[in-house]
Amino acid sequence: MKDFPTQAQAVIIGGGIIGCSTAYHLARLGWDVVLLERRKLTSGSTFHAAGLVGQLRSNANITRLLGYSVDLYRGLEAETGLATGWKMNGGLRLACSEERWEEVRRQATTARSFGLEMALLSPKEAQDLWPLMQVDDVIGAAFLPTDGQANPSDITQSLARGARMKGALIFEDVKVLSVAVEKGVIRGVETTRGRIETPVVIACAGQWTRALAKSVGVNVPLVSVQHQYMVTEPIAGVSPDLPTLRDPDRLTYYKEEVGGLVMGGYEPNPLPWAENGIPPGFHYSLLESDFDHFEPLMKLALGRVPALETAGVKTLVNGPESFTPDGNFILGEAPELGNFFVGAGFNAFGIAAGGGAGMALAEWVANGAPPFDLWPADIRRFGQPHFDDDWIRTRTHEAYGRHYAMAWPAEEYESARPCRRSPLYDRLREKGAVFGEKLGWERPNWFADTAAGEAARDIPTFGRPNWHEAVGREHRAGRSAAALFDQTSFAKFVLKGPDALPALQWICANRMERPAGAITYTQLLNARGGIESDLTITRLAEDEFYIVTGTAQATRDLSWIARHIPKGANAQLFDVTSANAVLSLMGPRAREILSAVTRDDVSNEAFPFATARRIAIAGCPVLALRITYVGELGWELHLPVEHAPSVYDALHEAGAAHGLKDAGYRAIESMRLEKGYRAWGSDIGPDHTPLEAGLGWAVKLGSDTDFIGRAALEAQRRAGVKKLMAGFLAAPEVVLHGRETIYRNGARVGWLSSGGFGHTLGRSIGYGYVRNADGVDDDFVLSGEYELEVATERVPCAVSLKPFRDPRNRAVKR
């Protein structure tokens, strides 16, 4: 038996594919790493994984991560000498309805945007690649030749050998009893073979991760769900090079295995498992096959592959796997505990993601940041609702059941709602509000005119949606009169203390040394100059700042700011999100309405743009911020939640004569597209700098003040940028959702990061980065002829580096 270590740079808990891949990549980076597996490698859920490896996702960087897995698996056997079962036999996806065919065509364009070549096939061409299937109901198919399949256990053992070859130590049959934390700092792990001193713990324990993390105060929202697939005896006509097949309209998938087929699927009514905890000693274990539950999938499969009716069945595998509330896996450093990293919750595509996830997690550990923006998988995307097991399970079951459902644009989850509600929720619902949900918050997306017969619900489509005209009404009210938005879900923080200003000067890219009452729009940058967030900060006093950021970024931004307050600084950060409601009054008549409800002077001279004042409305103390994200005169009114109904009523009473209308988030999106405002998470993010995004005006490079990312921006300013954000205007009949491919002079140069419709312009609008390896400047962008590929069809478009409705880059100042 090898000597058991007493210290390590990092300890990985869990010997499935994610843990072994992380060990492989950390060891390759030169780290002294120890992996501990409580039983045997792969004995959790890896050993019973189906092993399909697909690449295309709706996010470019998740697609890139999965593509890395494919590249790694191609050469792993040659590197380690252990077989992996890797076969690049391609992947087929069928479409059996016009709506599904539209989805597939848009996926093909997305693939092209992300650098993958996906071929669209006729039913006959698809059948030629997969002769066993019936295609009578098939409209078309997509084929991605670089997809494939692997043997999960073999590829994990190969990664483990590769890790050992690079110096990693791997121990089986060693259980971690606890993680030692002293005063918020990880000191080591206690195991059944003794203590290992380590400053870094990486939890890759699959469905055990939630309980492990909870023991140190870290929340990992995942639950176990039963997942079944059938393995047949050899079937005539099944060749080793048969592509993997996904048949989403029949909820099923297929791959070749030893001359037979593996067939599984995602039923809409999944079965939970281990609701009260995973039984002790559960390893290399399967659950009892549930033939009754599997029967509906089997019936659907027989219609596609008649040979299954007479095929011998080796087994019906029922193995529990960890799934998450949004169907994405969980990576990154826990916001609750520094140097505690997580790689878990892979929603049954851990083999496809394993190579790339291990690489990303290793670089995150070694470098303090992921290799590229992984926000869709980032553990910081979760918040308050995700602490409750019942909420997590309810939402996760819906996400599981949607695995093969149509991926409609702007579709909302329906389960576990409502959770977090503004004090105006009931009022707005009675007035026809159709709500969306973000981080548990119910938010009005749009308002239906129920008196005129409009249905107060979204009807999914890839074309113009049923809410298009309703959003147009709200948009036009905001442009010509006034609109009132309930934005209570904003995340809101207060930073207070004698060192609050120097802390923010370091954390923020923009100048913060403005007087009390000033509002500053700023980005928070990483060391590479990438935009970790963009937000507004209001200076309330010499030592107090009020920070407002996006709903989805609540956990992320709170953690980022707290961790980057310089050591020893006397500045305290508080989350006040739940204390304040926010009503945003926007439009050219906003001043007249506000003047009617307050005695305070709100004239432009007394209350200029980008300033804040405390005013009184209907007996309520209101912090009024003169700022806008829609490009019109307006104020965000921040007030104690208990006063929200009174202030709302007062505004509507005063606004009735001025055409004030309630409006939702989809009107905000339409208006901000016309004005060219960037949206974090789509248009800007950690992979984009302010210089690339056209936001250099909000960076204090002209000052002598240092800040995070300054050196990177200075270097980029000297060298020039290789991508530049531009706006694109297309005909009104062109429906843009984002990810459409951008062509300049016939060459692919990028894709749309966001897309929608501008109701004032009456045109479709998109934004995206124009890329060129030799450098990009304004002349390069503006000198080209542009087209957008939409669902495989190219359409002409106009390009601009300025807002389409207003020539100024900053908000309108009235």
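**Which residues form one aromatic cluster?** Tyr253, Tyr266, Phe323, Tyr400 and Tyr404 do. This is a predicted model, where local features need pLDDT of at least 70 and side-chain atom pairs count only at pLDDT 80 or more, while totals for chains, interfaces and linings use all residues. Residues are numbered from 1 along each chain as its sequence is written, and side-chain values use heavy atoms, leaving out hydrogens and water.

**View 1: Tyrosine 266 meets tyrosine 404.** Rings of Phe, Tyr and Trp (its six-membered ring) pair if their centres lie within 6.5 Å; planes under 30 degrees apart are stacked, over 60 edge-to-face and the rest tilted. Here the centres are 5.5 Å apart and the planes stand at 90 degrees, so this pair is edge-to-face. Both tyrosine 266 and tyrosine 404 are buried (under 20% relative accessible area; exposed is over 50%, partly exposed in between, with a 1.4 Å probe and protein chains only).

**View 2: Phenylalanine 47 pairs up with tyrosine 284.** With ring centres 5.3 Å apart and planes at 75 degrees, this pair is edge-to-face too. The two residues are 237 residues apart in the chain. Phenylalanine 47 is partly exposed at 22% relative accessibility, and tyrosine 284 is partly exposed at 43%.

**View 3: Arginine 443 sits over the ring of tyrosine 665.** The charged end is 3.7 Å from the ring centre. To count, NZ of Lys or CZ of Arg must be within 6 Å of the ring centre and within 35 degrees of the ring normal.

**View 4: Arginine 744 lies over the face of phenylalanine 780.** Arginine 744 is at 3.7 Å from the ring centre.

How values were computed. Helices (H or I, at least four residues) and strands (E, at least two) are DSSP runs, numbered from the N terminus.
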